[in-house]
Amino acid sequence: MFLKKRHLEILKLMKNTTKSKELKSKLPEEFEVRIAELFILGFVEISGEDIIFTDVGKRMVELIDKIPVEDIPDVYINSEIIKIMELLDKTGYVPEKWNNLLVERHLANSEGLTEVGKEILKIYRESHPVVYLTPDILDFVRGMPKIGLYEELITYKNTKKQGDNILNALQAMRLLSISPTTEAGKAFATTVALKEVLKIASMVPKLGRTLILRKEDFDAMKRGEFSEEMVDSGFCEEGEITELGQSMLNTYSEIGKTYQEITPIYVLEDEIKVLKTIEIIKEKYETNPEVLPTYKEIKKRSGIEDLGEVLHTLEFKELIRREVIKNKDTYWMTEFGEKVKDLGTVTTDGMKAITYPEHNDTPIAEWVVKGKEEKVVQRGITDKGSFLLKLTRSIKRRPYLTKYDISALINMPVKRYIHRDELVKLIQKHVGGDEEAIIKALNESESKGLIRELQNKMIILTELGEGVKEAVEMAKVQELLSTKFAITPTTFNILLAIYNNREDFDRVWREKSEVGEHKENEIILLAKLLPLTVDEIKKSLVILKNVGLIGKKGLTDAGVKLVESYLKLWKGINN
């Protein structure tokens, strides 16, 4: 949405007259441009000399008398202001500097959004802009950066005729979003709908007219009814929708569409080192089968002290897989791991620079700076970024919970936001640790799919996080906290194997009465189902029983809850 003070002044005058000439005589400055923007917003229709309110325009006019128009900034609403309003409405908190922008516009007060602010946000959510593509707009979007820092956008805008008005129009059409200001400045990103606009720009390199699609046009085309204007615009031909027409329909459909949020991934330097070490060992194995990528061999060649942690991290991201060879536990790269080892590191924040635009949200400047440093963003998403997006969308995350993850889950409320600074203090009080280490762990918790941190540093549990929190609280919490590798991909795979083969395990437990024989038969069955040695299975079973995820005869309620939380996550990925 984009509204200037002049838009409101025009709307206010229109309560008394709808005649274009009369309105222009009273407010001549930029009149044609502002009327066009009101049309794009879907607030007015232009019919000859008359400018007519739409239903949503009438709703906006009803608010005019509640807004002290003479007292507001020149730019009243833009994508930055809308984002701040959404965050305040969703989480109940925005930084003071952001809140001041709302207060001076009479959109918020000490209690949150005002009546005016709530109604404008409601109008934004319930309205739909017109697709309005001029030759200048199409020329502008062809070469514009798609994600970046605000200064880059302004530099580009200054090279184009009508640059300011085009930025306004792109925001009005929800093709461009600008982030609130943080210490690193502002960022911007184009929305998913702009991808369709770029297709249109390639179809009509020398456009001689404005392409327009209103809601009524959209509905008519969907019904197979075509007006003369649609035919003249090239949207249909011989009673059929053309490629251009389909792209216009797609653009309209994509505007404001909501998408499933994407969980960002991260890749650490030590992980790449281990992957490259596995590659070296694999090459040696091909000529000498005695050399295997075991824990001992990888540690000897990589020199990484806490190798277990790195291996668990790589396994939860499906970058490595386990295999038993010559009765030894070995680690091999997956196809994803083969590719990731050559791409370099990326942080959760750097990935958020590209995941947020993919679901029509706005990254803040700090994330974009990180994304540029880590080469997932240039003028848009890089090849590295595209691959990591594919990776993070495709993998079936398995749990790997550190003490910080467990403490965060225990200390977080359900279905309510908490500020990161507050959560850090709660974790410090609970399990200790310095602030930097805890913030890093929280970023990794986000990549594990347990939490989501928004632009205003407010954090909430995801649906997966709620399920895992419940499982953790049902288990033996102190044992979970004191056991370094309690919930890992390996121990989880054992839980999953028992869950998926309940009848077989029930039969094993029924067949023998002595506890020792139960255990032995249980291990034999798990060894058939999983690529793990007997020693690894025995060690994992001891851990799982100690922390309360396995009982005397199968999974505990906590173990079942943990498994079912991840099965639900994977089902969502497949759908």
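**Close-up views of a predicted model**

**View 1. Surroundings of E196.** Beyond its neighbours within four places in sequence, E196 is in contact (heavy atoms within 4.5 Å) with S247, N250, T251 and E254. E196 belongs to helix 11, residues 193–203, helices (H or I, at least four residues) and strands (E, at least two) being DSSP runs numbered from the N terminus. Because its relative accessibility is 11%, E196 counts as buried, a term that means under 20% relative accessible area with a 1.4 Å probe and protein chains only. The model is predicted, so that local features need pLDDT of at least 70 and side-chain atom pairs count only at pLDDT 80 or more, while totals for chains, interfaces and linings use all residues. Residues are numbered from 1 along each chain as its sequence is written, and side-chain values use heavy atoms, with hydrogens and water left out.

View 2. The 3 strands are arranged in the order 8-10-9 with antiparallel pairing, where two strands pair if DSSP finds at least two bridges between them. Strand 8 (147–149) and strand 9 (176–178) are the edge strands, each pairing on one side only. Strand 9 is joined to strand 10 (residues 187–190) by 3 bridges, and I178 has F188 of strand 10 as its bridge partner.

**View 3. Packing of helix 17 and helix 27.** Helix 17 (residues 307–316) packs against helix 27 (residues 489–500) at an angle of about 50°, their axes lying 9 Å apart. The contact involves H312, E315 and F316 of helix 17 together with P489, T490 and N493 of helix 27.

Notes:
Buried means under 20% relative accessible area, exposed over 50%, partly exposed in between (1.4 Å probe, protein chains only). Axes are lines fitted to C-alpha atoms, for helices over the stretch in contact, and angles run from 0 to 180 degrees between N-to-C directions.
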